[in-house]
Each structure stands twice: as C-alpha cells, then as structure tokens.
Amino acid sequence: MKRTLFALVALLAVVGCSTPETIVGTIDWKVADLPQIDSIKGAPTLVDTKLGKAVHFGGEADGYYLGLNPLAGMEEVTVEVIFRQDADAAFEQRFLHMGTVKGERVLFETRVNPDGNWYLDCYIDLGEEDLVLIDPAQTHPCGEWYNLAMVVKEGKATSYVNGVEELEGEIPYRPINSGITSVGVRQNQVCWFKGDLYRIRITPKALTPEEFLTDHNLLNE
C-alpha cells in the first residue's frame, strides 16, 4: 500500500509540474508564422531548416509589424530569440522591438564586426530609466544559430547567449503595456537585420538557462 501511495504521489508531482511551454501566458512564435501581422516591409523570404521554415531578412528593407505587444501585463519575463546573423550585415542590427517607438520598450540587437563576429545588445527603456546590456569583448562567430535570452525579475535583467550568462544590470522593471512589435527592424525603420530568425518566445516567468529553448543545437547539426 505504501509503495502504491508513493508511486501515485510521484505521478501527480510529475503531472502537476509546469514547463515553459505550459506556463499560462507564454507566447511562442515561429517567425515563419507570426500572428496579427499589420504590415510587411520589403520581402522577407522563407528558408528551409532542419526544424522547418525560418525567415531570411535581407538587411535593407525587410521586416514585419505586428499589432500587439507580448510584454503587456508581465511582471517578470524571459525573452528568447533563435537567430542566425549574416557576417556581411551592417554594424548595427535591430531585429526585435516590443513596446513603443520611443519611451517604454525592449529591443534585441547585435553589432557586427568586420572580422565576421557579432556581440549582443539587449536594451530596456522604461521612459525615466533605461538599461543597456552590451559588451564588445563578448563576440560570437556569424553564420551559426544561437539562442539569445534576457531574463528580467525583481529589478534585475540578465542577458545570455546559448544559456551562458553574459551581463546583468539593475532596472526597476514594470509591465510594458503599450505599443506594438516589429521583427527584423527597429520600429522607426532603421538598422535593418540581415540574417535568419526562427523562433521568438516570451515567457511571463524568470526561466533558468536549463529551461531555455535548445532549437539552435538541432539547427546547427
């Protein structure tokens, strides 16, 4: 009887535990199938990957504008992007912009060096305060798939590349409830992205690196 009861409790614990995919409010987009697209700039193209379609952005005029802000209502958040950076891109690359054009917003960006390496720039602006997580010394080769992530909780934001922490900083984060989303470009149509985007996931919880997406590993095989 005791063994049966123990097995039942263990089973209920497994069934009851949540994963990032089952957390209520999680937004998980395949970039080849984005929702609520208000407008398409240029001609983003579909490309084949081992996990299905991704989207290639040409670096001059390709982008999507979505009539929604996935950050709305989130007290803490983990934003992840599965991406591949082209080496011949312009220096400043901005490919995910959530919130308003100016003021309250979150951006994912890279800077591309002439030697074919890039480094991450995660940016949070709350209007009266902002935070930039960028370090030119932490570079990565272009042409490969990566998981980019930023975790925000209890006044602190931390950036990661492939689950490895890069930078952290303090900011009194609060939900960013207004605005829209642009993918492949900053909302004011500057710094067009050149490369591929496969997936964007926004989770209303501070995930650990062990809970991050691992699509980049399969895409690189």
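Which residue forms a salt bridge with glutamate 80? Select glutamate 80 and arginine 201: they form that salt bridge, with the closest N and O atoms 2.8 Å apart. A salt bridge here is a side-chain nitrogen of Lys or Arg within 4 Å of a carboxyl oxygen of Asp or Glu.

This is a predicted model, in which local features need pLDDT of at least 70 and side-chain atom pairs count only at pLDDT 80 or more, while totals for chains, interfaces and linings use all residues. Residues are numbered from 1 along each chain as its sequence is written, and side-chain values use heavy atoms, with hydrogens and water left out.

**Stop 1**

Glutamate 80 sits in strand S6 (residues 77-85) and arginine 201 in strand S16, 121 residues apart. Strands are DSSP runs of E, at least two residues, numbered from the N terminus. Both glutamate 80 and arginine 201 are buried. Buried means under 20% relative accessible area, exposed over 50%, and partly exposed in between, with a 1.4 Å probe and protein chains only.

Now select arginine 199 and aspartate 28. They form a salt bridge whose closest N and O atoms are 2.5 Å apart. The pair links distant parts of the chain: arginine 199 is in strand S16, aspartate 28 in strand S1 (residues 27-30), 171 residues apart. Arginine 199 counts as buried because its relative accessibility is 11%. Aspartate 28 is partly exposed, at 34%. The whole structure holds 16 salt bridges.

**Stop 2: aspartate 196**

Move along strand S16 (residues 194-203) to aspartate 196. Its relative accessibility is 7%, so aspartate 196 counts as buried. Then select Arg84, Asp86, Asp88, Lys194 and Asp196 together: salt bridges link them in a network. Beyond four places in sequence, aspartate 196 also touches residues including Val47, Ile82 and Trp145. Contact means heavy atoms within 4.5 Å.

**Stop 3: the nonpolar cores**

Select Phe108, Leu148, Val183 and Ile202. These have the most contacts inside the largest nonpolar core, which has 44 residues. A nonpolar core is a set of buried Ala, Val, Leu, Ile, Met, Phe, Trp, Tyr and Cys residues joined through side-chain atoms within 4.5 Å. The largest share of this core, 5 residues, comes from strand S9 (residues 117-126). Apart from it lies another core of 7 residues, among them Ala149, Val151, Leu207 and Phe212.

**Stop 4: strand S9**

Is S9 enclosed or open? Of its 10 residues, 10 are buried, so S9 is largely enclosed by the rest of the structure. Colour its two faces. Asn117, Tyr119, Asp121, Tyr123 and Asp125 are buried on one side, and Trp118, Leu120, Cys122, Ile124 and Leu126 on the other.

Next, show the partners. Two strands pair if DSSP finds at least two bridges between them. S8 and S9 pair in the antiparallel sense over 9 bridges. One to find: threonine 110 with leucine 120 as its bridge partner in S9. The two strands form a hairpin with 4 residues between them, and glycine 116 in the turn has a positive phi of about 85°.

S10 (residues 130-134) pairs with S9 in the antiparallel sense over 5 bridges. Here aspartate 121 stands opposite isoleucine 134. S9 and S10 also form a hairpin, with 3 residues between them; glycine 127 in that turn has a positive phi of about 95°. Strand S11 (residues 140-141) pairs with S9 in the antiparallel sense over 2 bridges.

Finish with arginine 111 and aspartate 121. Their side chains meet in a salt bridge at 3.0 Å, N to O. Arginine 111 lies in strand S8 (residues 104-112) and aspartate 121 in strand S9, so the pair ties together parts that are 10 residues apart in sequence. Both residues, arginine 111 and aspartate 121, are buried.
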